[in-house]
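Please open the model in your viewer, with the sequence panel beside it, and follow the stops below in order.

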Amino acid sequence: MTTIKEIIADCDNRMSKAVENVRQELTKLRTGRASTALLDVVKVEAYGSEVPITQVGNLSVSDSHTIVVQVWDKSMMGPVEKAIRNANLGLNPMNDGQVIRVPMPPLTEERRKEIVKLVKKFGEEGKIAIRNVRRDAIEHLKKAEKDLHVREDDRKRAEDDAQKKTDHHIKQIDDLVAVKDKEVMAV
């Protein structure tokens, strides 16, 4: 048997996870700016298996348009360069023998608009997830009212609390989407 406090705490926790999921999805989207998160999806053929690029070198951003990959084992320079090129990110790495520089090509207006649509899609999916959590919480509260003989006033207060948490988390997603939207459209 779960209490009203546990139901609301679970609701808040699951909504926070939905917001965090949206945040992670948005960091993977390429804007005109360099971000090491872009290379998180890159897998390198190393020592007989595919490993994330972070396991073969350090990633850093040297300026707003260049990612630098400092490979630990110089024999891995070629495979790392090839992995970045083949990752379908539209990136063209340059190997100078010491480090691999990955310049960020400028985005076309059309590509920016596509990315903005994707940003809005991720935001909407996050909001839907939050609303689903709210719906589940309200169902649990109604069940608790019947099974645990919770007073109707307490249930309604808890439903209002769930709605406030929903509004708060949806605003967080709206803020994330607005910031990313602005970042993508900045030339």
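Helices and strands are here DSSP runs numbered from the N terminus, a helix being a run of H or I with at least four residues and a strand a run of E with at least two. The model is a predicted one, in which local features need pLDDT of at least 70 and side-chain atom pairs count only at pLDDT 80 or more, while totals for chains, interfaces and linings use all residues. Residues are numbered from 1 along each chain as its sequence is written, and side-chain values use heavy atoms, with hydrogens and water left out.

**The whole chain**

Along the principal axes, the C-alpha atoms fill a box of roughly 70 × 40 × 20 Å.

If you colour by accessibility, 37% of the 187 residues are buried, where buried means under 20% relative accessible area, exposed over 50%, and partly exposed in between (1.4 Å probe, protein chains only). Among contacts (heavy atoms within 4.5 Å) with a separation of 6 or more, 66% are between residues 24 or more positions apart.

**Helix 1 and its cover**

Next select residues 4-28, which form helix 1. Its 25 residues reach 37 Å from first C-alpha to last, close to the 36 Å expected at 1.5 Å a residue, the expected span of a helix being 1.5 Å times one less than its number of residues. Show the side chains of the buried residues of this helix, namely Ile7, Ile8, Cys11, Met15, Ala18, Val19, Val22 and Leu26; what covers them includes helix 3 (109-147) and helix 4 (152-185).

Now centre on Ile7, a residue of helix 1 that is buried, with a relative accessible area of 7%. Which residues is Ile7 in contact with, leaving aside its neighbours within four places in sequence? They are Thr2, Ala137, His140, Leu141 and Ala144.

Move on to helix 3, whose 39 residues should span 57 Å at 1.5 Å a residue, in agreement with the 57 Å between its end C-alpha atoms. Just after helix 3, select His149, which takes a positive phi of about 60 degrees.

In helix 4, pick Ala158, which counts as buried at 5% relative accessibility. Not counting residues up to four places away in sequence, Ala158 touches Ile4, Ile8 and Leu141. From Ala158 to Val184, 26 residues apart in sequence, the C-alpha to C-alpha distance is 39 Å.

Further along helix 4 is His169, buried with a relative accessible area of 2%. Beyond its neighbours within four places in sequence, His169 is in contact with Asp12, Met15, Ser16, Val19 and Ile130.

Is Tyr47 buried or exposed? At 65% relative accessibility, Tyr47 counts as exposed, and its phi is near 55 degrees, a positive value in a residue other than glycine.

Asn58 is the next selection, in strand 3 (residues 57-63), and is partly exposed with a relative accessible area of 42%. Its contacts, leaving aside neighbours within four places in sequence, are with Val68, Val69, Gln70 and Trp72. The C-alpha atoms of Asn58 and Val99 are 9.9 Å apart in space, while the two residues are 41 apart in sequence.

Finish at Glu81 in helix 2 (residues 77-85), which is buried with a relative accessible area of 16%. Glu81 touches Pro93, Asn95 and Ile100, not counting residues up to four places away in sequence.
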